[in-house]
Structures are given as structure tokens and as C-alpha cells.
Amino acid sequence: MTHPAEPGPPPPGGDPTPGDPTPGDPTAEGTPAAEPEPEPASDAEPAASADPATATDPAEQGELSARDVAVLALERRGWAGPGAKERAIRERLGMSPTRYYQVLNALLDDPRALRHDPVTVNRLRRLRAARRSRR
């Protein structure tokens, strides 16, 4: 025999206990019991802040985004012709060549890009400076 305060097995006739919502009952309120409540944020996982040591955004931590790293990697590679590079930009990065060169130009002024790939960034900075001096 079970203690009155302890819930026992369901009644054999399948009659729910008064107050218990039945599956499919339009008057049942709330969410299914199978969904767990979201847990409050713990102190072990810091929130995003202005402090680079605790920031969660790669740009705030001094790291390049995955897109920026991919742009530098694509630019580092040699290309047989202009069509192959533009095709690779569209296929691999999913952006237009115009947007690619805008992102690349911004990366050349970014100190994080220089730390990530100094050889490529310095080479491209020299090319850009030479083009500007010809104008």
C-alpha cells in the first residue's frame, strides 16, 4: 500500500486524477512535461563584455572571423587566370567578387589580419600603395 502523500500508479480504468491534463484535452494549459525549463546562466560562462579576455565575439577577442580567414586564405593562393579566382570567390565564400575585394581592402587595414597572415597582408599593402602612387 502506498502512503497517501506519495503518488501511486495510474488507475486501471485510465481515468485521470482530477486536475491532471489529459493528452489532447483542449482545456489543458501549459507546455508538455517533457520540455525542461531553461537553466539560468551560470557564473562559469561569462557574458559578452568590453573586456577582450572575456568577450565571446571573435572580433572582440582579437581574432578574425571565419569569413575573414577564408578571404585571406583565398588571396594567399596563386591563380591561373582571373576567371578561376572569381569563380572560387563565388563558390567557396558565397559572395560577389566586388564584396570580396571590399572585405579584403578592409582586412588590409586590420591589425588582426596582419597578426594572422603578415606575409600576405604586407604583400597586398605594398601592391595597394603602388597602385595608389600611380594615380
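Residue numbers start from 1 along each chain as its sequence is written, and side-chain values use heavy atoms, with hydrogens and water left out. Because the model is predicted, local features need pLDDT of at least 70 and side-chain atom pairs count only at pLDDT 80 or more, while totals for chains, interfaces and linings use all residues.

The chain has 5 helices and 0 strands. Along the sequence the pattern reads α-α-α-α-α. Helices (H or I, at least four residues) and strands (E, at least two) are DSSP runs, numbered from the N terminus.

**The chain overall**

- Buried residues make up 19% of the 135 residues. Buried means under 20% relative accessible area, exposed over 50%, and partly exposed in between (1.4 Å probe, protein chains only).
- Of the contacts with a separation of 6 or more, 41% join residues 24 or more positions apart. Contact means heavy atoms within 4.5 Å.

**Helix 1**

- Helix 1 covers residues 66–76, and its buried residues are Asp68, Val71, Leu72, Leu74 and Glu75.
- They span an arc of only 160° around the axis, which puts them on the same side of helix 1. The arc is that of the directions from the helix axis to the C-beta atoms.
- The cover over these buried residues includes helix 2 (82–93), helix 3, helix 4 (111–116) and helix 5.

**Helix 3**

- The 12 residues of helix 3 should span 16 Å at 1.5 Å a residue, and its end C-alpha atoms are 16 Å apart, which agrees. The expected span is 1.5 Å times one less than the number of residues.
- Pro97, Tyr100, Val103, Leu104, Leu107 and Leu108 are buried in helix 3.
- Seen down the axis, the buried residues of helix 3 fall within an arc of 140°, so they line one face of the helix.
- Helix 1, helix 2, helix 4 and helix 5 are included in what covers them.
- Leu104 sits in helix 3. Leu104 is buried, with a relative accessible area of 6%.
- Beyond its neighbours within four places in sequence, Leu104 is in contact with Val71, Leu72, Glu75 and Leu124.
- Leu104 and Leu124 are 20 residues apart along the chain, and their C-alpha atoms are separated by 9.3 Å.

**Helix 5**

- At 1.5 Å a residue, the 17 residues of helix 5 should span 24 Å; the end C-alpha atoms are 24 Å apart, which agrees.
- Thr120, Val121, Leu124 and Arg128 are the buried residues of helix 5.
- They cover an arc of only 90° around the axis, which puts them on the same side of helix 5.
- Val119, Arg126, Ser133 and Arg134 are exposed on the other side of helix 5.
- The buried residues of helix 5 pack against helix 1, helix 3 and helix 4.

**How helix 3 meets its partners**

- Helix 3 (residues 97–108) and helix 5 (residues 118–134) pack at an angle of about 105°, with axes 10 Å apart. Axes are lines fitted to C-alpha atoms, for helices over the stretch in contact, and angles run from 0 to 180 degrees between N-to-C directions.
- Helix 3 and helix 5 are therefore roughly perpendicular. Angles under 35 degrees count as roughly parallel, over 145 as roughly antiparallel, 65 to 115 as roughly perpendicular and the rest as oblique.
- From helix 3, Leu104, Asn105 and Leu108 meet Val121, Leu124, Arg125 and Arg128 of helix 5.
- This contact of helix 3 with helix 5 has 4 nonpolar, 1 polar and 2 charged residues. Ala, Val, Leu, Ile, Met, Phe, Trp, Tyr, Cys and Pro count as nonpolar, Asp, Glu, Lys and Arg as charged, and the others, Gly among them, as polar.
- Helix 2 and helix 3 pack at about 85°, with axes 9 Å apart. They are therefore roughly perpendicular to each other.
- Here Lys85, Glu86, Ile89, Arg90 and Leu93 of helix 2 meet Pro97, Tyr100 and Tyr101 of helix 3.
- The contact of helix 2 with helix 3 has 5 nonpolar, no polar and 3 charged residues.

**Around helix 4**

- Leu114 is in helix 4. Leu114 is partly exposed, with a relative accessible area of 26%.
- Not counting residues up to four places away in sequence, Leu114 touches Val121, Asn122 and Arg125.
- Asp117 lies in the loop between helix 4 and helix 5. Asp117 is buried, with a relative accessible area of 8%.
- Leaving aside neighbours within four places in sequence, Asp117 is in contact with Leu72 and Arg76.
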